[in-house]
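Welcome! Take a moment with the sequence and the model, then read on.

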Amino acid sequence: MIGMTRDTLSSMWPFTSRTHTNEHPELFLTNTLSGKKERFVSLRPNAATLYSCGPTVYDRASIGNLRAYVFADTLARALSYAGYKVQRVINITDVGHLVADAEQGEDKMDSTAKREHKTPQEIAAHYTGLFFNDIQALNIDASDITFPRATEYIREQIAMVETLEGQGFAYPADDGIYFDTSKFPGYGKLGGIDTSTLQAGARITTTSSKRHPHDFALWRFAKAGDLQQWDSPWGKGNPGWHIECSAMSRALLGPEIDIHTGGIDHIGVHHNNEIAQSEALTQKPFVRYWMHNAFLTMTGEKISKSLGNVFYISDITARGIHPLALRYFFLQAHYRTPLAFSWDALAGAAEALTRLWRIAKETRREAAGKSAHSSAQTEFAALLMDDLATPQAIGLLWETLRDQSLSAAERLGILDAADKLLGLSLENPPLPETFSLSELPDAIRLIAEERETARKARDFREADRLRAEIETRGYRVDDRPEGTVFSPILTTR
Ligand code: AMP
Ligand code: ZN
C-alpha cells in the first residue's frame with residue numbers, strides 16, 4: 001500500500017463516489033433561483049458562506065421572524081454536518097428600512113425613537129440585545145455568525161452607490177439616488193417575478209421623479225426630521241434599505257457567496273433588488289443558492305401587529321412553555337411549508353419535547369454515555385441532507401428510540417446526531433425541576449395527599465380523578481418506585 005495515494009486507492013474501489021460521499025455527505029437544497037432541489041457545491045472546498053437577512057431593530061422579533069432564523073440555523077448545522085466550515089452573517093438593520101416597507105416616508109428606527117423619546121442608537125441597542133436573547137433561547141449557534149450593523153457600513157454602501165452611478169446603473173431623482181432597473185437585464189429573475197406587476201417597494205408613489213416603477217432608492221437625500229444622516233458625495237443623507245445587505249455581504253463574505261436566506265416575503269422586491277445592485281456592480285453572480293422559508297401564520301392569516309396576533313418569546317415563557325418547544329414546533333414542519341401557529345399546537349410540541357428530553361437523559365444513563373453508530377443514524381442525517389427534511393427526521397428519531405432491537409449506545413448515537421442537527425438540547429436536556437409531595441404548593445399538596453390516601457385504600461378510580469385534578473392545576477404526576485414526583489407541565493396554562 002506504500003506510495004498509494006487516497007486517489008489511487010479509491011480509483012481501484014468500484015464505488016468511488018460512495019467513498020467520497022461517506023466523508024462528506026451530499027447535501028441537496030431547494031434553490032429559489034431555479035425553483036429546483038439542487039446538489040450543493042460550494043465555491044471553496046469544505047467552506048460555505050451564508051448570509052441571512054436580519055432584524056430591523058425597531059421592535060422585538062416576532063415568533064414569525066424567529067422561524068427565519070431557526071431555519072437558517074438548521075441549514076448551518078446541516079452544512080457543518082456535511083463537512084463545511086460555515087461562515088455566517090446576519091445583518092442588524094438600524095437605518096434605511098422605512099415604515100411599512102415603503103419606498104418613501106419615515107425610517108422605522110426614527111419612528112420608534114420619536115415615539116419613545118429616545119435616540120435611534122438607544123432603540124437599536126435595546127432591541128438588538130433582545131434579539132440576541134431570543135436567538136440564544138432558541139439554541140441558535142452564534143459562534144460562526146457576524147452581526148454587522150448597517151450604520152457601521154455606511155462608507156461601503158456609499159462606495160457601492162458611487163460605483164453604480166459611475167457605471168450608469170444609478171441616477172439622481174428628487175429625493176435620492178435610484179437604481180435604474182431597466183439597465184439590468186433579467187431584473188426580477190428570482191422567483192420568476194413578473195415585473196409588469198411587481199411593485200417597487202411596497203408602494204408606488206407619485207412624488208418621486210424616479211424613471212421606472214421598479215427603480216429603488218440606493219441613497220436618500222436627508223429630509224427634515226431625519227435622525228440619522230451622513231455626509232456623502234450627494235450631500236447629507238442616509239442609505240436605502242436593500243443596499244446594506246449587498247454592501248455587508250460583499251465586505252464580510254466576498255463578492256460571490258454560497259447561500260443567502262430570508263423569508264419568502266423578501267423574494268419579490270428585497271432580494272431581486274440585492275441581485276440587481278450586486279450583479280450590476282461586479283457583472284458576476286452574487287449568490288449561488290437563494291433559500292427562503294415559508295411563513296408562520298395565525299389561522300391562515302399573516303402575523304401582523306395590525307391584526308393583533310403578534311407573539312414573542314416572552315409570551316411563550318410567560319405561559320410556562322420552554323422556548324425550545326417553539327424550535328421543536330418549527331422543525332415539525334418543512335421550512336418551505338407554511339405553518340399555522342396555535343397555542344394548542346405549541347403545547348403539543350412542548351409535551352413531545354419534554355418526553356424526548358426524558359428519553360434522552362435515560363438513554364445516556366443506560367448507555368453510560370458511550371454512543372455507537374447505526375444505520376439509523378446515517379438515515380437520520382441523510383434526511384437532513386435532503387433539503388432539511390426535519391419532519392421526517394423527527395419521525396425517524398422517535399421510531400428509532402422506540403426500537404428495542406437497537407442498543408442503548410446506538411440510540412444514544414442517533415440522539416447525539418439529532419442534537420447536532422436539530423439543536424434541541426438533547427445532550428443536556430433542560431428538564432423542568434421535579435418536586436416531591438412536601439415541596440408542592442399547599443393547594444396542590446392537599447390534593448396530592450388525598451390521592452395518596454386513595455391509592456393506599458386501592459381506590460384507583462378516585463386516585464385517577466385526583467391525578468387529573470392535579471394535572472389540570474399544572475403538575476404532572478409520576479409514580480416512581482422511590483415515591484411520587486411532580487413536575488410542572490409545559491402547557492399553555
Ligand atoms: P423583518 O425584520 O421584517 O425584515 O423580518 C426578518 C426575517 O423574518 C425576514 O427574513 C423575513 O422574511 C422573516 N419573516 C417575517 N415574518 C415572518 C413570518 N410570519 N414567518 C416566517 N418568516 C418571517
Ligand atoms: Zn437583506
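## A proline in a loop

Pro185 sits in the loop that runs between strands β7 (176-179) and β8 (216-221). Pro185 is exposed, at 68% relative accessible area. The cut-offs for that word are simple: buried is under 20% relative accessible area, exposed is over 50%, and partly exposed is in between, using a 1.4 Å probe and the protein chains only. Although Pro185 and Ala280 are 95 residues apart along the chain, their C-alpha atoms are separated by 9.4 Å.

## How to read the model

This is a predicted model, in which local features need pLDDT of at least 70 and side-chain atom pairs count only at pLDDT 80 or more, while totals for chains, interfaces and linings use all residues. Residues are numbered from 1 along each chain as its sequence is written, chains are lettered from A and ligands numbered from 1 in the order in which they are written, and side-chain values use heavy atoms, with hydrogens and water left out.

## The chain as a whole

The chain contains 16 helices and 17 strands. Of its 493 residues, 52% are buried. Contact means heavy atoms within 4.5 Å. Among the contacts with a separation of 6 or more, 73% are between residues 24 or more positions apart.

The chain exposes about 22,300 Å², and carbon and sulfur atoms supply 52% of that. Such accessible areas come from the Shrake-Rupley method with a 1.4 Å probe, and for residues only the protein chains shown count as cover. The structure has zero disulfides, a disulfide being a pair of cysteine sulfur atoms within 2.5 Å.

## Around ligand 1

On the side of Asn65, a side-chain N or O atom is 3.4 Å from an oxygen atom of the ligand. Leu296 brings a polar backbone atom to 2.9 Å from a nitrogen atom of ligand 1.

On its own, ligand 1 has 490 Å² of accessible area, and the protein covers 90% of it.

## Two buried loop residues

His97 is found in the loop between β4 (85-90) and α4 (108-115). Is His97 buried or exposed? His97 is buried, with a relative accessible area of 6%. Its side chain joins that of Thr56 in a polar contact of 2.6 Å. A polar contact is a pair of N or O atoms within 3.5 Å; within protein, one must be able to donate a hydrogen and the other to accept it, and residues adjacent in sequence count only if both atoms are side-chain atoms. Leaving aside neighbours within four places in sequence, His97 touches Thr56, Asp107, Lys108 and Trp241.

Ser232 lies in the loop between β8 and β9 (237-239) and is buried at 15% relative accessible area. The side chains of Ser232 and Trp219 make a polar contact of 3.3 Å.

## Helix α12 and some positive phi angles

Helix α12 (residues 375-385) has the buried residues Ala376, Gln377, Phe380, Ala381, Leu384 and Met385. Their cover includes β1 (28-31), α3 (63-81), α13 (390-402) and α14 (408-422). After α12 comes Asp387, with a positive phi near 55 degrees.

Gln283, in the loop between α8 (267-282) and β11 (287-293), has a positive phi near 60 degrees and is exposed at 59% relative accessibility. Arg458 also has a positive phi, about 55 degrees, although it is not a glycine.

Note on methods. Helices (H or I, at least four residues) and strands (E, at least two) are DSSP runs, numbered from the N terminus.
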